[in-house]
Amino acid sequence: QVQLVESGGGLVQAGGSMRLSCAASGRTFSDCHMGWFRQAPGKEREFVAAISCSLGRTAYVASVKGRFTISRDNVKNTVYLQMNSLKPDDTAVYYCAADYRRSPLSPLTTTPTEYDYWGQGTQVTVSS
């Protein structure tokens, strides 16, 4: 069983920065793609970013490109989401997710149902 624990959320003013972390345990971390999703009140869960197991491939939703950066440390079993130039529209609960089901060589996916494990989420609130 895989455990994912997010941290780093909180309240920030618009234009500010925040870094989220997600610590993983339970399986070999470098065997899985990792993703970040977010869900705002009354909205569906939305893909934010993903990173491949070990080759450094990344993907982002258009609304965060150039502002957010996903990275991972396979020694520390942690994935990060650096968020800069935050906007009130970025307010949501942020979740990290692990994709162990598909091959490490498979393309990154933006579909929540293709991720096997999820963290409990961390709230990010951006004030205007």
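How many disulfides does the structure hold? It holds one. Keep in mind that this is a predicted model.

**Stop 1: the bonded pair.** Select Cys22 and Cys96. A disulfide joins these two residues, with the sulfurs 1.9 Å apart.

Now look along the S-S bond. Is the disulfide of Cys22 and Cys96 right-handed or left-handed? The torsion about this bond is about 45 degrees, so the disulfide is right-handed.

**Stop 2: the strands.** Color strand S3, residues 18-25, and find Cys22 in it. Then color strand S9, residues 92-99, where Cys96 sits.

Is Cys22 buried or exposed? Cys22 has a relative accessible area of 0%, so it is buried. Cys96 is also at 0%, so this residue counts as buried too.

**Stop 3: the cysteines without a disulfide.** Select Cys32. It takes part in no disulfide. Which cysteine sulfur is nearest to that of Cys32? It belongs to Cys53, 5.9 Å away. Cys32 has 0% relative accessibility, so it counts as buried.

Move on to Cys53. This residue is in no disulfide either, and its nearest cysteine sulfur is that of Cys32, at 5.9 Å. Why does Cys53 count as buried? Its relative accessibility is 2%, and buried means under 20%.

Note on methods
Residues are numbered from 1 along each chain as its sequence is written. This is a predicted model: local features need pLDDT of at least 70, side-chain atom pairs count only at pLDDT 80 or more; totals for chains, interfaces and linings use all residues. Side-chain values use heavy atoms; hydrogens and water are left out. A disulfide is a pair of cysteine sulfur atoms within 2.5 Å. Helices (H or I, at least four residues) and strands (E, at least two) are DSSP runs, numbered from the N terminus. Buried means under 20% relative accessible area, exposed over 50%, partly exposed in between (1.4 Å probe, protein chains only).
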